[in-house]
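Please open the structure in the viewer and keep the selection tool at hand.

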Amino acid sequence: MDQRLRKDVDQIVSASIRAVLPDEAVQRALTNYQPRSGGKTLVVSVGKAAWQMAHAAVRVLGDIDGGIVITKYGHSKGEIPGIDCYEAGHPIPDKNSFAATEKALQMVSGLTEKDTVLFLLSGGGSALLEKPLISGEELQDITGQLLAIGADIVEMNTIRKRLSGVKGGRFAQACAPAHIVNIILSDVLGDPLDMIASGPTYPDPSTWEQAKGIAEKYALKLSARAWKCLKQETPKTLDRVTTQITGSVRELCAAAAAECEKLGYRTVVLTDCLCCEAREAGSFLASVLRTQTTDANAVAYIAGGETVVHLTGSGLGGRNQELALAAAPGIAGLDGTAVFSVGSDGTDGPTDAAGGYVDGDTMEALAAKGYDVFDVLRRNDSYHALKEINGLIFTGPTGTNVNDVAIALFKP
């Protein structure tokens, strides 16, 4: 392993994630917030960054009239005054998702026009805030089908909005006639407000025809009840809702570029809308590096977004680890080259790793351990292979979630 590059990678990852933590963003968003006279202020915070966002909001606002955090297992960091904290399933909702959502719905029922719901939203909200209109078991199965087949986030949310009593603007309806102030940490490319966590407090422009097309495209197995729910219309307009996006993958890429430059790399941001297969992205970044190795200067190519994985095996890994491992064959034997990819939330797929790292020595190191990279990719088992050669990147839960960043480095 190239220790020079690995040291740079750890520094880039740390600085990039630190720059998109929600604390300062929430504080900035609430600087001019004034509670309505005679009304209550309730906090509903949902997503992988929910605890951190709620903690920042309470620190800014002081006393609130009640609140709830619904976040992923292991992401709650203690008590917050006035807030009930719940942990639940992600990326597939579970009984704790459903129970916590019921608590949230009970809390916002019976509000008046004088009241305000401060709705703090981050990635992961689609699984964590859920009231299924079908059985919980079928909802979990449909979510699993969409994940396994590689549906993108827009396709997944178009389906899930119509199977839910809180998505697609329906949570906002439950809060009416109270005012809703949305503060959003975006994990969807381009920041479409109706798609972030399936838009629980935003009107839904999707149609039944679009939902039907996705279901047919992937041959989803749906019950008659599920098909009926897909046909039910979602809210197209909502009153008394204001929204502010506090962070996105653009800020993550900018922070990564700034840190690379501090380390002496010339930086090129290729895109902040990466949305292809993880393996294709890894192979592409390796191809970019192959044209760079005769240069006398260090360079970093940055791509932000969210790739997808089509499961062909039953191994362990995530899209970032698979992206990195897929780059290894293309840079094998090339000195001063590395590719890494990380999820800003600190968890990559069903693993405890944030992402993966490979360099010009990776193929040889894996072969010495008895691993064939192409077989590992076929089995979707990047986690175990990278673990053997210290190629995993660990951050722990970060408290933020603004997609992923993948970077190809060359350092002569």
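Predicted model: local features only at pLDDT ≥ 70, side-chain atom pairs only at ≥ 80, totals over all residues.

Select Ser248 to begin: this residue is buried, with a relative accessible area of 3%. Residues are numbered from 1 along each chain as its sequence is written, and side-chain values use heavy atoms, with hydrogens and water left out.

**The surroundings of Ser248**

Ser248 is located in the loop between β6 (241-247) and α11. Helices (H or I, at least four residues) and strands (E, at least two) are DSSP runs, numbered from the N terminus. Residues up to four places away in sequence aside, Ser248 touches Ser186, Asp191 and Val402. Contact means heavy atoms within 4.5 Å.

**Helix α11**

Next, select residues 249-262, which form helix α11. The end C-alpha atoms of α11 are 20 Å apart, which agrees with the 20 Å that its 14 residues should span at 1.5 Å a residue. The expected span of a helix is 1.5 Å times one less than its number of residues. Which residues of α11 are buried? They are Val249, Leu252, Cys253, Ala255, Ala256, Ala257, Glu259 and Cys260. The cover over the buried residues of α11 includes α1, β7 (266-274), β8 (299-305) and β12 (404-410). Just after α11, Gly264 has a positive phi of about 100°.

**The pairing of α1 with α11**

Two packed helices are described by the angle between their axes and the distance between the axes. For α1 and α11, the angle is about 140° and the axes are 8 Å apart. Axes are lines fitted to C-alpha atoms, for helices over the stretch in contact, and angles run from 0 to 180 degrees between N-to-C directions. The two helices, α1 and α11, are therefore oblique to each other. Angles under 35 degrees count as roughly parallel, over 145 as roughly antiparallel, 65 to 115 as roughly perpendicular and the rest as oblique.

To see the contact itself, display Gln11, Ile12, Ala15, Ser16 and Ala19 in α1, which meet Leu252, Ala255, Ala256, Glu259 and Cys260 in α11. By class, this contact of α1 with α11 comprises seven nonpolar, two polar and one charged residues. Here Ala, Val, Leu, Ile, Met, Phe, Trp, Tyr, Cys and Pro count as nonpolar, Asp, Glu, Lys and Arg as charged, and the others, Gly among them, as polar.

**Helices α9 and α10**

Proceed to helix α9 (residues 208-217), whose axis comes within 8 Å of that of α10 and crosses it at roughly 145°. Trp208, Ala211, Lys212 and Ala215 of α9 make the contact with Trp227, Leu230 and Lys231 of α10. The residues of this contact of α9 with α10 divide into five nonpolar, no polar and two charged.

**Helix α6**

Select residues 136-149 for helix α6, in which Gly136, Glu138, Leu139, Ile142, Thr143, Gln145 and Leu146 are buried. What covers these buried residues of α6 includes α4 (95-108), α7 (153-162) and α10 (224-231). Gly150 follows α6 and has a positive phi, near 85°.

**Backbone details**

Two cis peptide bonds may be visited next. The bond from His90 to Pro91 is cis, with omega near 10°, and Pro91 lies in the loop between β3 (83-88) and α4. Ala176 and Pro177 are also joined by a cis peptide bond, with omega about 5°, and Pro177 lies in the loop between α8 (170-175) and β5 (179-185).

Then select Arg240, which is not a glycine but has a positive phi of about 60°. Arg240 is in the loop between α10 and β6 and is partly exposed, with a relative accessible area of 35%. Asn403, in the loop between β11 (392-393) and β12, has a positive phi near 70°. At 1% relative accessibility, Asn403 counts as buried.

**Final stop: Met363**

Select Met363 in helix α14 (residues 362-368). Is Met363 buried or partly exposed? Met363 is partly exposed, with a relative accessible area of 22%. Neighbours within four places in sequence aside, Met363 is in contact with Ala328, Pro329, Ala332 and Val373.

Conventions:
Buried < 20%, exposed > 50% of the residue type's maximum accessible area, 1.4 Å probe, protein only.
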